[in-house]
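Please read the following points with the model open beside you.

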Amino acid sequence: MTALVTADDLAALEDAVAHAFATGDDRHLKVLGYGEISSVLAWDTARGPVAVKRLPPFPDAARFDAYAALVHDYLASLAARLIAPVRTELVSRPAPGGGTIAYLVQPILAAASLAPRVMAAGDEAGAVALFTRIADAVVGYVDDRHGLDGQLSNWAVDAEGGLRYLDVSTPMLRDAAGAERLDGDVFMASLPWALRPVVRRLLLRDILAKYYDPRGVLLDFLGNLYKERLDRHLPALLEVASARVTPGFDLREVRRYYRGDARSWALLQRLRRMDRAWQRGVRRRPYPFLLPGRIDR
Ligand SMILES: Nc1ncnc2c1ncn2[C@@H]1O[C@H](COP(=O)(O)OP(=O)(O)OP(=O)(O)O)[C@@H](O)[C@H]1O
Ligand SMILES: [Mg+2]
């Protein structure tokens with residue numbers, strides 16, 4: 001299979017992104033989706049448009065190689081446990097000041113194929129059918145060594161009706177001793193120092209832990225239906241989830257969970273915006289991340 005992007009494509013992409021970081025003007029970049037940590041952009045290449053996600057810079061080749069091996073293992077592990085990941089390639093180039101810049105590249109999925117759109121466009125029976133497949137995939141994959149962020153925005157339905165998992169930038173695999181294989185410090189380094197204790201607390205302790213527990217992943221999925229404005233389906237989907245894990249769920253637990261989760265992420269985004277203002281306005285330095293605008297929670 002030919003690669004999704006060439007070295008020239010990558011050079012042009014990185015120029016455009018570096019320009020946005022340096023000037024604070026990102027109007028020439030087309031954002032496909034803002035996640036809590038990174039953003040996914042559409043990028044035109046000679047072979048057609050692709051979806052690209054810029055990763056935090058890697059301080060050296062060894063750290064990049066370890067990450068590349070981990071992404072490779074994660075894609076294989078998903079497929080081995082019956083979750084079809086979206087075709088994903090990892091491309092890299094040396095960073096001007098040393099280290100490695102890397103992007104994850106995927107084909108652009110049609111907007112109408114993204115799971116939030118699929119669920120929003122359908123009726124309750126459609127929502128139950130889609131969630132049943134996601135919940136079965138979660139329960140079949142997740143255990144204390146295999147983690148997954150199963151929220152609705154991480155799935156798509158392909159042209160043949162197959163379920164696809166798209167969010168593979170944070171591979172959640174633990175080794176035999178139970179240690180996280182992802183180098184938390186590389187991902188932490190992408191954050192301003194003032195945020196690291198918050199994120200270390202939020203991400204590494206609470207947030208990562210729940211992704212290795214099927215019940216935690218399903219609770220997170222259900223809570224996120226508020227953010228997706230699909231909470232009208234909660235009563236029906238609660239039943240689907242409750243049939244798969246013990247104890248089951250009730251609305252109160254889901255609401256309480258979501259309020260706590262939304263508060264944590266909103267705080268993180270506020271801190272990042274403050275840091276951006278500080279870096280640009282006071283330190284006169286480029287701010288090397290694309291932040292979401294206001295997220296309605
Ligand atoms: N290949 C793609 N084609 C079209 N849209 C995409 C594609 N990949 C991602 N998106 C959009 O961007 C959103 C964010 O992508 P993704 O889930 O990979 O990142 P994320 O949630 O920011 O991950 P993290 O928070 O772990 O960094 C998706 O929910 C989807 O709407
Ligand atoms: Mg995501």
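1. Not counting residues up to four places away in sequence, Val138 touches Leu148, Gly150, Pro214, Val217 and Leu218, where contact requires C-beta atoms, placed from the backbone, to lie within 7 Å. The model is a predicted one, in which local features need pLDDT of at least 70 and side-chain atom pairs count only at pLDDT 80 or more, while totals for chains, interfaces and linings use all residues. Residues are numbered from 1 along each chain as its sequence is written, and chains are lettered from A and ligands numbered from 1 in the order in which they are written.

2. Pro214 lies in helix H7, helices being DSSP runs of H or I with at least four residues and strands runs of E with at least two, numbered from the N terminus. Leaving aside neighbours within four places in sequence, Pro214 is in contact with Val138, Val139, Val142 and Val245. The C-alpha atoms of Pro214 and Ala135 are separated by 8.7 Å, although these residues are 79 residues apart along the chain.

3. Pro214 counts as buried because it has 21 C-beta neighbours inside 10 Å; the cut-offs are 20 or more other C-beta atoms within 10 Å for buried, 12 or fewer for exposed, and partly exposed in between. Of the 14 residues of H7, 11 are buried, so the helix is largely enclosed by the rest of the structure; among them are Asp220 and Asn224.

4. How do the axes of H7 and H8 cross? Those of H7 (residues 214–227) and H8 (residues 234–242) come within 11 Å and cross at roughly 175°, which makes the two helices roughly antiparallel, a term for angles over 145 degrees. Leu218, Leu222 and Leu225 of H7 meet Leu234, Leu237, Leu238 and Ala241 of H8 in this contact.

5. Just after H7, Arg229 takes a positive phi of about 60°.

Technical notes
Axes fitted to C-alpha atoms, helices over the stretch in contact; angles between N-to-C directions. Parallel < 35°, antiparallel > 145°, perpendicular 65-115°, else oblique. Contact = placed C-beta atoms within 7 Å.
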